[in-house]
Amino acid sequence: MMRALDLGKSSLGLSSPNPPVGALIEKNGVIIGQGFTQEAGGDHAEVVALRDAGEEAYGATMYVTMEPCSHFGKTPPCTEAVINAGIKEVHMAILDPNPLVNGKGKQSLIDKGIEVYSGENVKEAEDHFQGYFKFVKTGKPLVIVKYAMTLDGKTATRIGDSKWITGAKSRELVHEMRGQMDAILTAPGTIMSDDPRLNARDSNNKPFERQPIRVIVDSHGRTPKDASIFKEPGDIIIFTAGSEAALKYEDMGENVSTFVADDRFGRVNLENVLKKLGDLGVVQLMTEAGGTLIGALFDQELPDQVVVFIGPSLVGGVDAPAPVEGLGLETIKESFQLKDVKVDLLDSDIVVKGLIRSWA
């Protein structure tokens with residue numbers, strides 16, 4: 001099952017809004033087929049693995065990270081493919097929370113005499129499917145707040161220098177994370193100060209074939225039209241607080257879209273941003289922004305997970321920016337408490353990951 005979960009990682013950012021499922025088929029102690037869910041409208045993991053196994057799938061055992069679907073969507077039911085292939089035994093980590101599937105896929109297999117086992121590596125599967133769980137339950141993407149800071153909690157020096165707080169391995173991991181996202185969330189302040197490309201690249205600095213959507217929250221149209229982000233392939237969405245700001249970018253090309261999502265204070269309404277991104281099939285969203293936007297997200301209690309890269313340096317300075325600004329909380333008792341915290345060391349950098357809330 002852990003091998004199937006590893007396969008499912010290749011589906012993150014690819015399969016949305018479908019779940020990022022991995023599957024493998026084993027016979028006589030040998031893996032004879034494996035696969036992961038393709039982009040929306042493409043084959044699901046079970047079908048890919050069955051095709052890989054071919055006729056050898058008859059009488060074999062399938063390990064799949066989520067219950068096979070049992071309904072017609074853009075593709076036929078996976079349960080039908082499993083049954084027709086002659087699979088004798090199916091092990092699944094978790095049931096699909098989608099009401100169209102929940103428990104029905106499992107029962108369809110049982111009704112055809114297939115031995116079914118569920119609940120294997122549940123914790124690992126729940127961690128993997130957090131974005132899908134939230135999407136099914138709320139229609140909105142999982143919000144992952146990611147930032148890098150020094151040991152004294154600064155994201156740059158007092159004059160704005162931030163390259164580089166963390167080392168090469170940390171930056172490589174960030175690109176891997178970007179590649180697993182459906183969208184990256186940023187703001188004009190970050191674009192003007194750092195001029196980032198915000199694409200996902202491999203260790204040789206080559207862009208991945210699939211790129212996440214770049215989402216810019218820009219109330220008043222401050223993002224420069226000659227910024228590097230507009231020169232990269234992939235879609236860009238700009239949310240503004242008024243039609244005048246949106247009109248500024250109407251000549252930027254087909255890959256640049258604008259939406260007006262204002263609140264009563266003349267700013268972009270972040271809750272409406274998440275709703276719109278959910279409507280567009282965005283399941284996982286990660287921040288690449290400064291303290292103002294991240295602070296606003298926390299002020300509205302929108303983040304679900306946190307990933308912090310801590311470099312082994314101190315810069316000081318009362319005017320040096322912090323990673324989370326905004327209004328903030330009044331007492332420690334009110335503070336956001338991380339659960340399931342994981343701490344890793346990448347060369348000299350510390351990486352802290354944790355959940356603010358679980359959607360499992």
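**View 1. D340 is partly exposed, with a relative accessible area of 39%.** Partly exposed means between the cut-offs for buried (under 20% relative accessible area) and exposed (over 50%), using a 1.4 Å probe and protein chains only. D340 is found in strand 13, residues 339–346; strands are DSSP runs of E with at least two residues, helices are runs of H or I with at least four, and both are numbered from the N terminus. The phi of D340 is near 50 degrees, positive although the residue is not glycine. This is a predicted model, in which local features need pLDDT of at least 70 and side-chain atom pairs count only at pLDDT 80 or more, while totals for chains, interfaces and linings use all residues. Residues are numbered from 1 along each chain as its sequence is written, and side-chain values use heavy atoms, without hydrogens and water.

**View 2. N205 also has a positive phi, near 70 degrees.** N205 sits in the loop between helix 8 (188–194) and strand 8 (213–217). Its relative accessible area is 44%, which makes N205 partly exposed.

**View 3. The peptide bond from S16 to P17 is cis.** Omega is near 5 degrees. P17 belongs to the loop between helix 1 (2–9) and strand 1 (22–27).

**View 4. K163 and W164 are joined by a cis peptide bond.** Here omega is about -5 degrees. W164 lies in the loop between strand 6 and helix 7 (168–179).

**View 5. Helix 11 spans residues 291–299.** Its buried residues are G291, L293, I294, G295, L297 and F298. They pack against strand 6 (142–149), strand 7 (183–186), helix 10 (270–279), strand 11 (284–287) and strand 12 (305–310), where contact means heavy atoms within 4.5 Å. E301 follows helix 11 and has a positive phi, near 55 degrees.
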